[in-house]
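Work through the exercises below with the sequence and the structure open. Each task is followed by a solution in steps.

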Amino acid sequence: AEEPFDLGRGPLLRATLAKLGPDEHRLLLVGHHLVLDGWSYGVLLEELGILYDAAAQGQEPELEAGDSYVAYALERATQERGAEYKSALEYWTKQYADGVPVLELPVDRPRPPLRTYAAERHDYTLPAALCDSLRALAKQQHTSLLQLLFTSFQVTLARITNQWDLVLGVSAAGQASSGRTGLVGHAVSYLPVHGKLDPAAPFASALAQTKGQLVDAIENQHVSFGSLLSELSVPRDPSRMPLAPVSFNVDQGYTQRGFTGLRVESWNVPRAYDVFEIFANLVDTKREIVIETQFNRDLFESATIRDWLSSYEAVLAGVVANPQQAPRDLPVLTDAVRQRVLHDWNATETAFERDTPIHGFFEQQASRNPERAALTFEGKSLSYGELDKRANQVANLLIARGVGPEQIVGVCVRRSSDMIVAQLGVLKAGAAYLPLDPTYPAERISYMLEDSGARFVVSRSDSIGALGTLDAKVTPVLLDKEPLADDTRPNVKLTPANVAYTIYTSGSTGKPKGVLVEHGNFANFLAGMDARLSLSTPGVWLNATSIGFDISLLEIFGSLARGFTIVIHSDDSGPEFALPALLAQKVTHFQCTPSQATLLLSDAKGRDALAGVKELLLGGEAMPVDLAKQLITVLKNGRLINMYGPTETTIWSTTHAVTQPEGSVPIGKPIANTRIYILDERGLPTPRGAIGELLIGGAGVTRGYHQRPELTESRFVKDPFADGRMYKTGDLARLRADGAVEFLGRNDHQVKLRGYRIELGEIEVALRTHPAVHEAAVIAREDRPGDKRLVAYLVAQGEPTVGELRTFLTQAGLPEYMLPQAFVPLAKLPTTPNGKLDRRALPAPAQDSSLGVGEYVAPEGELEQGVAEAWCAVLGITRVGTQDNFFDLGGHSLLVVKLAEAITQRTGKPVAVPDLFRFPTVKSLANYLHVGAATNTGSAQRGNERAAAAARRTSGRRG
Ligand code: AMP
Ligand code: MG
């Protein structure tokens, strides 16, 4: 090749010719958009052909005089003063009378706060056969290929974004509409076509609708995009192109004119910068169609664009196959992509010890290393051998009483080694254990016993009180009272399908429901954890989670299965106070919620403690990216792992080792023999990156809900993509470009509050049973950053006090974490136009409009004032009375730690967390600090039964 020949360089147009071979040349034309639009290139090339032929034959070229841009511009300017322009403007404003929808494409990278323009191009070819079918279909439907391609593109975008009301920009050539076909210049109009698709109506009717729309848009093209923007006063978001960030264009392609004796092809060179988020330029070669797709590379990866274009191809093929299909039912995945997201991605097949029951894994360890410490509690340890024998004794006793497989036995033992002895005893008897957290209200416990049909409760004299009056059908087995003798291992035959434990989770229609988990589910879970955690070299695992939550099984039975030592956190304080234990006992593995981790980080001792942990597992609720960043720096050599999973699919179903958190922390990939699907409302797999519901299939899927056949059938459905069933989690998620799943919230009214799973419906149902309450709505809201809380809205007769309501709800069986922190009286609940409760219109509780707590008594003296100030600071309120109860005003277990610090800061007196549970009013605490400070060490002594009980009631221990 020779040096390219510079044909001319103006400020707005450049032309260069390169000779690549004796008879191969390449001409590069670079024009500024100000002087050249798509149409103009066609004009230029045509004229070049004529000039070439004339020059080749040594003749004068016969070129017609070009159309004048000046004349065109003047005409446009005149138009802008005319009636036609006014009606065009009216047309456009009418299109947006109900507001301007914002297209939320699922981006691969966090959207930069300031819009960027760096672009890349991906070319995708629609095969000729498909294009032929499309041309035929357009004819048959009495529409144009453009309309068919355009409508299908709208449908593809709708399926990617789940937005059916959307704007798609098209370009119209001013040359065509003004009759100046030979005009070179910028005459293109960008028309934001506003389409409202009906997802359920046949595609053919959407097509008919678009036809009118496109014709109207082109007819009203003389309003420029800029004028329209200012006319509509579209709110500007500096991170986005306004109104129509996606542009769609069909280019007729190049048809050779002139250039006699040459073969000419033309290409559009990819642009390195572009204004659009996506610009699909469809070039019709008359055989296949090439989609030249420019995209913003700060938002998207090329692979995402490629997949979306393949979704477009799938939609087009679906339309060809049956134009009567509804847009929501059209296929959006090609076979190759389908195979990848449904199967390759879920190829998690792993061998596991299916036939070993939960206690069987422990027994293997006990036989191998009977001397090894299985657990320590308050300084005392129990070896694997001893624990085995104790549990055998309990099992033999239960068996003698007739307990066996498929029976449910309650376990109500405060945190201690006996708690684990009791669980193991039930399992070894072949039965399933039902954890009954003694901190729960007696009403909830008796409901669970009744609902589960348990005939026995294993307990202890110091815990049995939590059960209240036991139903006559239930027999308590007190570990400290029963004669325990035979310590040989019982030999109960179990299958992987036998139920191992049942855990109750909040129920949306008012009552909790028990999830039945089988031994085989756990065996598989263990294999999953073996692959994701380092469990092969035994370590020390802190058990701080209540056995009422399934993740305690990893801390307890996962540990015992792998020869770990469990450090059992004492019952007299919540996990937030676990640090000394962590520090002293060389804990290597620790699992908690992001809320608890945040609290740990807020304290120097907590940060030190975390530094020694080898594997820190966070789960149960979304992990904020800032928290992840901080934890990674604190962890030194340890690993941070995000754990995700509903109780219904056995403890954890996906994991993600966090290394360089950015944007958001994903929940990762499915564990062994687990399948994850992201499906839309129709149960179809979503296009790449699109939001859908997360469904979980595979070996972790549990039996379902105890004696709730309808509920079980509605949530546990047949897996259409593989054998077995899958569970509909109600979680919203999407697959990220890096192949990890990202959690994006819920599709219902279940919330997570400090890791606790709460159905707001359960609280609402309970509130409505209060005689003075007519209507009730409960939402979780975060009016102050980091302080998510439950707020109840009531239409009530009279003014029940907060204290009354909270007591009432406790008596109705709600645990402390389900008690609303604020109650707002309303004359009526806000409704949407169609009469449904409008949750988004529920007001933020004003500090003083919430229900009163009782009579206001102003704090007196330095101490009371100091305490009251600390309360206000922690609760974010302006005043408190000395008789007000911290928990009634919205205090919760995590705030208690902050409160202790705040009081010490203001009064100079050391305050321990349990003190705050003992003295929950300003007055009582000030008195205590005044009188007790000299004689008291400041910490709640275990002897104080009432205080300990109060502390247990109010301190959240959640995994
Ligand atoms: P549970 O049955 O208590 O384990 O609650 C399961 C629910 O907690 C899931 O369906 C999610 O909504 C939520 N969840 C659990 N783990 C995570 C996590 N790592 N990130 C976000 N949400 C989570
Ligand atoms: Mg879970």
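**Exercise 1.** Sort the shell around ligand 1 by residue class.

Solution. The shell has six nonpolar, four polar and six charged residues. Here Ala, Val, Leu, Ile, Met, Phe, Trp, Tyr, Cys and Pro count as nonpolar, Asp, Glu, Lys and Arg as charged, and the others, Gly among them, as polar. In this predicted model, local features need pLDDT of at least 70 and side-chain atom pairs count only at pLDDT 80 or more, while totals for chains, interfaces and linings use all residues; side-chain values use heavy atoms, with hydrogens and water left out. Residues are numbered from 1 along each chain as its sequence is written, and chains are lettered from A and ligands numbered from 1 in the order in which they are written.

**Exercise 2.** Find which residues and strands surround ligand 1.

Solution. Step one: 16 residues surround ligand 1 (a heavy atom within 4 Å). The closest are Met-643, Thr-647, Asp-731, Lys-752 and Arg-757. Step two: β22 (639-644) and β30 (741-746) each supply at least two residues of this shell. Strands are DSSP runs of E with at least two residues, and helices are runs of H or I with at least four, numbered from the N terminus. The largest share, three residues, comes from β22.

**Exercise 3.** Find polar contacts of ligand 1 (pairs of N or O atoms within 3.5 Å).

Solution. Start with the backbone: a nitrogen atom of ligand 1 is 2.6 Å from a polar backbone atom of Met-643, and a nitrogen atom is 3.0 Å from one of Gly-620. Then take the side chain of Arg-757, where an N or O atom is 2.5 Å from an oxygen atom of the ligand. The protein covers 97% of the 490 Å² of accessible area that ligand 1 has on its own (Shrake-Rupley method, 1.4 Å probe).

**Exercise 4.** Is Arg-159 buried or exposed?

Solution. Locate Arg-159 in helix α5 (residues 145-161). Its relative accessibility is 7%, so Arg-159 counts as buried (buried is under 20%, exposed over 50%, partly exposed in between; 1.4 Å probe, protein chains only). Beyond its neighbours within four places in sequence, Arg-159 has contacts (heavy atoms within 4.5 Å) including Trp-164, Asp-329 and Asp-680.

**Exercise 5.** Describe how β31 and β32 pair.

Solution. Strands β31 (residues 750-753) and β32 (residues 756-759) run antiparallel and are joined by four bridges; pairing needs at least two DSSP bridges. One bridge links Val-751 to Ile-758 of β32. The two strands form a hairpin with two residues between them, and Arg-754 in the turn has a positive phi of about 50°.

Notes. A polar contact is a pair of N or O atoms within 3.5 Å; within protein, one must be able to donate a hydrogen and the other to accept it, and residues adjacent in sequence count only if both atoms are side-chain atoms.
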